[in-house]
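Q: I am new to this structure. Can we read it together, one feature at a time?

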Amino acid sequence: MKFIEQNAWQYLSVKLPAVGAFLLLVIIPLLQWLVDFEIIPKEYHGYITGGVMVFLSWLGKKIYQPKLHQVPLGFVAVTAGHSNSDPGAVNGKFKEAELVTKFRNAVELYLLRAGLTVKTDGQGTINLPLTNAIHIIRGSSTAIEFHMNAASNKQANGIETISLPKDKKLAKALSKAVAEAFGSRLRGDEGWIDQSQSAHGKLGFVSNGGLIVELGFISNEAELSAFNEKYWLAAKAVAEVIIKHEKGV
Ligand SMILES: [Zn+2]
């Protein structure tokens, strides 16, 4: 995550008048000397000192503010796994791509309510493919994609988040939030799966800096029911983890 510098001293439109005030310690005695010796008329004294301040303020804004605006503003990217043409795992009438799209929308809503800037891989029922998702997450401060696991063993269960080792803490917090909301257990290292140990192998989304949250097993009837009944609750908990992460608390 990134903080935008809030220090007013960075803005030279603030700094320059201060520098100007310092210069006036030199300029004022000089002006006084010029007035005393009648080199310049007395009434110009005020105009010159005021003019220096206005000029320095204008110069600071003109020169330095465009540079500050080049600092990228942070945004959170939340994307749904698979796409409208690739359903992902399926259990009866339930398709992974559709469930995680609903989850993405719910997380987005809570993030927007908290005042964060959010980018998604589609609105409503739109779920763009992975190539779009990878493009969308570029420049984000946090990028998270939602999936559901599936296994031939119907008992397989639990929540996990796949990430690079640098995002281990956030991955664990996300899994914990989901597991608590659904009453599920954590898989891997307290909910964290190192990308190199993932059954999926190397994931494009994770290689590009994102985290993949597996919101339980669609193939497990109990976890599928928990998802359908409580996904809003889990989405709210996930959003709270992201908000805390973004705010650095
Ligand atoms: Zn998936």
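Q: Which residues does Phe146 touch, not counting residues up to four places away in sequence?
A: This is a predicted model. In it, Phe146 touches Val78, Thr79, Ala80, Gly81, Val100, Phe103, Arg104, Val107, Val213, Leu215 and Val238.

Q: Which residue of β8 stands opposite Phe146?
A: Val213 does. Strand β5 (residues 142-149) and β8 run parallel, joined by five bridges.

Q: What other strand pairs with β8, and in which sense, parallel or antiparallel?
A: Strand β6 (residues 160-163) does, in the antiparallel sense, over three bridges. There, Ile162 stands opposite Ile212.

Q: Is β8 (residues 211-217) mostly covered or exposed?
A: Mostly covered. Seven of its seven residues are buried.

Q: How do I read a nonpolar core?
A: In soluble globular proteins, nonpolar side chains tend to be buried together. Here the largest nonpolar core has 42 residues; Phe103, Val107, Leu111, Phe146 and Leu215 touch the most other members. Elements giving two or more residues include β1, β5 and α5. The largest share, twelve residues, comes from α7. Another core, of twelve residues, lies apart and includes Ile137, Ile193, Leu203 and Phe205.

Q: How do I describe two packed helices?
A: Give the angle between their axes and the distance between the axes. For α3 (residues 96-113) and α7 (residues 221-247), the axes come within 8 Å and cross at roughly 35°. The crossing is right-handed. Among the contact residues are Phe103 and Val107 of α3 and Tyr231 and Val238 of α7.

Notes:
Residues are numbered from 1 along each chain as its sequence is written. This is a predicted model: local features need pLDDT of at least 70, side-chain atom pairs count only at pLDDT 80 or more; totals for chains, interfaces and linings use all residues. Side-chain values use heavy atoms; hydrogens and water are left out. Axes are lines fitted to C-alpha atoms, for helices over the stretch in contact, and angles run from 0 to 180 degrees between N-to-C directions. Helices (H or I, at least four residues) and strands (E, at least two) are DSSP runs, numbered from the N terminus. A crossing is left-handed if the near helix is turned anticlockwise from the far one by less than a right angle, and right-handed if clockwise. Contact means heavy atoms within 4.5 Å. Buried means under 20% relative accessible area, exposed over 50%, partly exposed in between (1.4 Å probe, protein chains only). Two strands pair if DSSP finds at least two bridges between them. A nonpolar core is a set of buried Ala, Val, Leu, Ile, Met, Phe, Trp, Tyr and Cys residues joined through side-chain atoms within 4.5 Å.
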